[in-house]
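The following note sets out numbered points on the structure shown below. Please read each point with the sequence and the model at hand.

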Amino acid sequence: MLTALYVPANRPDRFAKAVAAGPDLVVFDLEDAVPVGDKDDARGWAIAWIAARAGGSLEVRVNAPGSPWIADDLAALAAVPEVRVRVPKVETADDVRWVLDQVPTAKITALIESPLGLEKAFEIATADPRVVAVALGEADLASSLGAEGSVGLAWARGRLVSASRAAGLGAPMLSVYPHVNDEEGLRRTSLEGRALGFVGRAAIHPRQLAAIVESFTPPASQVAEAAELLAAVEKAGVAEGGVIVLPDGRMVDSAMLGRARELTTLMQEIESRQS
């Protein structure tokens, strides 16, 4: 999964357009994008639309635990089979478990947006097998930390990648880039995220999707090196142990195979979504 696209839940005229834009996941936002006076209508529109299309790559960002709207959000979602729920401002594993108590069939993406949540990232990621992803809410987190820009968030981003990997969830997606008209900034920060171990990114506008896919597509040279490595290891029969030396002088052992396999799988996914 390389792309997730947020759509305001109070804009039902945009629902089909968001899906047609081709992201891997559409996130119906009941939280930040929706004014207080529109919360009830937005909930009804989004959940009715999703319920009619069960099984699609659709997710709902509910309001935060402790907010006046979360109980109604979860009560409505409980009627939707196997719905994906994006939970903002998660600070503890108990926050996740509480949501799952209300919506037992849900799959959870936990958004970590505070220093406490960041400190407990691994506990949150392993709170329940129904947690399928963790992500950062970078605007709130940066404000809480007093951090500025990519440099200020680098440690937090790295910590999230480590927690996600340690929990067996794989590489997380990078948070949104809020400047819709700044494609250069989107590409630059996406490449920074890729270097830290993120795969893919959430978007707030369809025009961001192409740049995200391109930024997280491994360079052809890297893919070729991975294929060469895997072929050499298979030929030498050292996949379960031992060391070989490639023609360019690189020493290769079985510990290096994981990344090569990931790159190969990622490229297969990218080629499949483009076909």
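1. In this note a residue is buried under 20% relative accessible area, exposed over 50% and partly exposed in between, with a 1.4 Å probe and protein chains only. Ala 20 counts as exposed because its relative accessibility is 67%. This alanine is found in helix H1 (residues 15-20); helices (H or I, at least four residues) and strands (E, at least two) are DSSP runs numbered from the N terminus. Ala 20 and Pro 206 lie 186 residues apart in sequence, yet 9.5 Å apart in space from C-alpha to C-alpha.

2. The model is predicted, and local features need pLDDT of at least 70, side-chain atom pairs count only at pLDDT 80 or more, and totals for chains, interfaces and linings use all residues. Residues are numbered from 1 along each chain as its sequence is written, and side-chain values use heavy atoms, with hydrogens and water left out.

3. Overall dimensions come next. Along the principal axes, the C-alpha atoms of the chain fill a box of roughly 65 × 40 × 35 Å.

4. Of the 275 residues, 45% count as buried. The chain exposes about 13000 Å², of which carbon and sulfur atoms supply 54%; accessible areas come from the Shrake-Rupley method with a 1.4 Å probe, and for residues only the protein chains shown count as cover. Where contact means heavy atoms within 4.5 Å, 63% of the contacts in the chain between residues at least 6 apart in sequence join residues at least 24 apart.

5. The chain has 12 helices and nine strands. In what order do the seven strands of the open sheet stand? The order is S6-S5-S4-S3-S2-S1-S7, with parallel pairing; two strands pair if DSSP finds at least two bridges between them. Strand S6 (131-136) and strand S7 (201-203) are the edge strands, each pairing on one side only. From one strand to the next, the twist averages 25°.

6. At one end of that order, strand S5 (residues 107-112) runs parallel to S6 and is joined to S6 by five bridges. Ile 112 stands opposite Leu 136 in S6. Helix H4 (residues 93-102) lies across strand S4 (84-87), S5 and S6, and runs at about 145° to S5; axes are lines fitted to C-alpha atoms, for helices over the stretch in contact, and angles run from 0 to 180 degrees between N-to-C directions.

7. Glu 82 counts as exposed because its relative accessibility is 59%, whereas Lys 89 is partly exposed at 31%.

8. Finally, the axes of helix H9 (residues 183-196) and helix H10 (residues 209-216) come within 9 Å and cross at roughly 35°. Residues of H9 including Leu 186, Leu 191 and Arg 194 meet a group in H10 that includes Ile 212 and Phe 216.
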